[in-house]
Amino acid sequence: MRTGVIKAYMLKEFTELVRTKLIILVYLLPSMILILFGYGIKMEVKDVRTVILDYDKSKLSYQIISAFEHSKYFSPEVLNISEKEALSLMKKAKIDMIVIIPESFEKNLLKGTISEIGIFIDASFPFRGLTIQSYAEGLLYNEASKLLSSDKTGLITVNQRNLFNQSMRDEDAIVPGLIGIVLLVAPAILSALVIVREKERGTIFNFYSSPVKKSEFVVAKLTPPFLLHSVNIFVMFLWATYLFKVPFRGSFLTYWLTSEVYVMISVGIGLLVSIVARAQIVAIVLTIIITVIPGFLYSGIIMPISAMKGEASIEAHIFPVMYFNHIIYDTFLIGQGFGSEKNLFYFVVLVMYALGLLSLGTLLMKKELR
Amino acid sequence: MRAFLAVLLKELIMFFRSWGLVAVVLYSFTVDVYIAGKGFEVKPRNVSVGYVDYTDGVIPKKILSHLHPPEFQEPIRFNSQEELNKAIYNREIIVGLVFDPDFEKNYFKGEAKLNLLLDATAAAQSYVTLSYIQNIVLRFNDLNFHVELKTHKLFNQNSDTPKFLALAEFLSILTLITVILSSVVFVKEKESGTWDIMLLMPVDSKIIILAKSLSQIIIVMVGTIICTGIVLFGVFDLPMNGSFLAFVLLTLMYTFSATGIGLFVASVAQSLVQVAQLSVIIMMPIIFLSGSWTPIYSMHPVLQKLSLLSPLRYYIEGCESLFFRRTPVLDLWLYFVALFILGSALYLFGFRKIGKLF
């Protein structure tokens with residue numbers, strides 16, 4: 001490898017990136033994805049539009065209503081309408097939940113006969129419906145156990161501790177995972193594009209016919225995407241901690257080192273794509289298919305890795321996203337760092353991935369016309 | 001009128017001649033929707049449970065026997081709390097239960113405490129899991145608590161996710177395909193330079209633009225009918241509670257505004273690569289502001305206002321109402337109007353930007 005050649009080639013790449021304005025995309029796209037998805041994906045449902053039909057109007061029913069009012073998940077309204085009217089409001093998608101407290105609810109409860117509270121939830125968005133249901137039932141059961149503290153024997157109370165994310169914020173749960181997706185997709189697209197563009201334009205023949213070696217070409221082509229996206233590692237960190245207020249409990253060095261290795265993996269994927277693709281549009285689509293889908297499915301954002309079974313679990317272990325996200329979640333929320341053997345092992349796996357992909361790409365690349 | 005028909009026919013023929021494109025469109029409208037629907041479940045499933053039992057009594061076993069598939073995996077026993085903690089910290093276990101040595105003694109006194117450690121990194125799942133466990137414990141308590149919660153999930157009783165996911169995927173595919181197809185028809189001509197020739201013809205440019213867009217609308221509508229007929233109704237057994245005609249009309253309105261977006265992309269982009277980049281950049285806010293991921297009422301107030309600009313918002317609401325909610329069609333008029341206004345505004349912009357040579 002001759003440093004002079006690489007330097008010259010790299011200089012050309014940098015100027016080209018600036019001149020074609022691709023550099024704007026380098027810095028705009030990752031931040032945009034992070035901000036949009038960070039605000040966009042909310043598993044948590046807030047301010048559920050609730051209508052409470054209180055036919056009882058007793059002390060107990062007011063207690064229940066005020067519990068709904070004090071919860072951040074509901075914005076209840078006590079209305080004096082019939083069930084039918086409430087239902088038609090729901091059909092028009094104006095409200096999401098109806099709670100019906102029946103007549104003589106308190107009286108029945110004190111007497112010891114069974115009384116019912118009716119909950120109607122709009123489940124046309126199923127997961128949302130399920131979440132609302134669990135919120136509402138949790139709230140009512142909570143109220144119930146408060147009432148029953150007089151009743152003694154055989155009572156178990158749940159003493160729960162939410163580890164790592166005490167207040168169960170969605171941002172904490174999602175943003176670190178998004179970093180894993182962004183840093184996989186963006187560098188891969190860029191590095192695939194810089195090579196495939198030359199193929200599409202035909203300028204790749206300059207490389208074919210010149211005495212530049214394959215390894216020199218790879219280094220010169222891939223260093224600019226790698227360096228540019230290394231800056232993004234810091235940008236992502238700042239967005240996560242300042243904009244989304246995700247706590248950072250691990251060491252920054254761990255985060256930074258792992259991310260650099262991860263960007264290298266991503267660049268390696270871009271290199272592999274550039275070997276197959278001949279047109280820029282194919283390169284973009286192919287990279288997105290390869291990176292985005294596993295990025296979402298196997299990142300642990302939608303489904304925890306430990307809850308996967310069979311094929312899904314095997315596939316998750318094949319893609320590098322899982323290993324990176326494990327360490328990233330650790331640095332942000334848990335903070336064990338390399339003290340834990342699992343993190344260290346996953347880091348080694350990532351390094352192997354990076355080396356493997358890059359050397360495979362260099363090996364498979366052809367310096368001649370096919 | 002003859003010019004209109006000629007351009008329309010030309011575009012249709014050109015579409016059917018490119019086999020690759022036809023295959024991609026067909027694939028997206030059938031196989032892709034199928035995969036997305038069957039793909040995965042968002043309910044908490046197979047949650048891994050670990051426990052430490054210092055009592056060796058009967059009651060913990062009874063409680064644990066309530067944690068069963070499909071929601072939970074078989075609980076794994078740990079010998080000490082340190083081991084359990086380590087497993088949770090390594091994210092192998094999501095829910096950890098700790099039974100103190102005097103758990104049983106306290107149980108008969110009525111003050112037993114069940115220690116629950118929850119990995120809350122996946123906030124939504126943890127919350128649902130937590131309420132599952134609270135429910136189990138409360139039912140286990142079996143008190144003289146006489147309130148029964150009758151929960152009815154309307155419109156989709158079992159929270160059947162495949163139906164919904166298939167529908168959601170169909171909506172995003174429809175949006176994506178419409179925007180890309182309708183912008184590519186223009187940009188292809190722009191790239192090869194024939195667009196200027198088109199504009200130089202003694203035909204009103206508006207007619208050419210409308211004919212070109214209509215041809216893509218027809219293609220997409222055929223795709224829609226295939227998708228709803230075979231995949232949504234055939235495989236996923238989606239209920240149809242409104243009128244099918246209203247759905248077709250709503251789709252027509254929606255594709256009208258989506259081709260408006262395509263026209264906008266076409267008037268800004270100079271090459272096909274730019275079309276790809278631009279449509280991704282434009283599509284993302286449209287999908288996120290549509291309320292398919294986050295309910296609109298949970299969004300930031302500013303975003304709630306912005307979401308009024310997303311045509312997908314009206315379409316999703318409309319489709320949900322028609323398929324699941326059994327809404328009378330007349331209550332949906334607002335969606336039709338909103339889609340028409342958005343589409344018209346985009347077309348007016350397109351006419352000005354792309355329909356003029358100078």
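How are α7(B) and α10(B) oriented to each other? The two helices are oblique to each other, a class that takes the angles left over once those under 35 degrees are counted as roughly parallel, over 145 as roughly antiparallel and 65 to 115 as roughly perpendicular.

## Basis of the report

This is a predicted model, in which local features need pLDDT of at least 70 and side-chain atom pairs count only at pLDDT 80 or more, while totals for chains, interfaces and linings use all residues. Residues are numbered from 1 along each chain as its sequence is written, chains are lettered from A and ligands numbered from 1 in the order in which they are written, and side-chain values use heavy atoms, with hydrogens and water left out.

## Helices α7 and α10 of chain B

Helix α7 (residues 161-192) and helix α10 (residues 244-268) of chain B have axes that come within 8 Å and cross at roughly 40°. Axes are lines fitted to C-alpha atoms, for helices over the stretch in contact, and angles run from 0 to 180 degrees between N-to-C directions. Helices are DSSP runs (H or I, at least four residues) numbered from the N terminus. The crossing of α7(B) past α10(B) is right-handed, that is, the near helix is turned clockwise from the far one by less than a right angle.

Ala, Val, Leu, Ile, Met, Phe, Trp, Tyr, Cys and Pro count as nonpolar, Asp, Glu, Lys and Arg as charged, and the others, Gly among them, as polar.

## Helix packing in chain A

Helix α1 (residues 3-19) and helix α7 (residues 170-201) of chain A pack at about 100°, their axes 12 Å apart; they are therefore roughly perpendicular to each other. Lys12(A), Glu13(A), Glu16(A) and Leu17(A) of α1(A) make this contact with Leu190(A), Val194(A), Arg197(A) and Glu198(A) of α7(A). The classes are three nonpolar, no polar and five charged residues.

Helix α9 (residues 214-243) and helix α10 (residues 252-276) of chain A pack at about 140°, with axes 9 Å apart. The pair α9(A) and α10(A) is oblique, and its crossing is right-handed.

## Interface and salt bridges

In the interface, 91 residues of chain A touch 89 residues of chain B. The two chains bury about 8,700 Å² between them, 65% of it on carbon and sulfur atoms; buried area is the accessible area (1.4 Å probe) that two parts lose on being put together, summed over both.

A salt bridge is a side-chain nitrogen of Lys or Arg within 4 Å of a carboxyl oxygen of Asp or Glu. The count over all chains is 13, with one across the interface of chain A and chain B. Glu92(B) pairs with Lys342(A), their closest N and O atoms being 3.2 Å apart. Within chain A, Arg2(A) forms a salt bridge with Glu216(A) at 3.0 Å between the closest N and O atoms. Arg2(A) lies in the segment before α1 and Glu216(A) in helix α9, so the pair ties together parts that are 214 residues apart in sequence.

Technical notes. Contact means heavy atoms within 4.5 Å.
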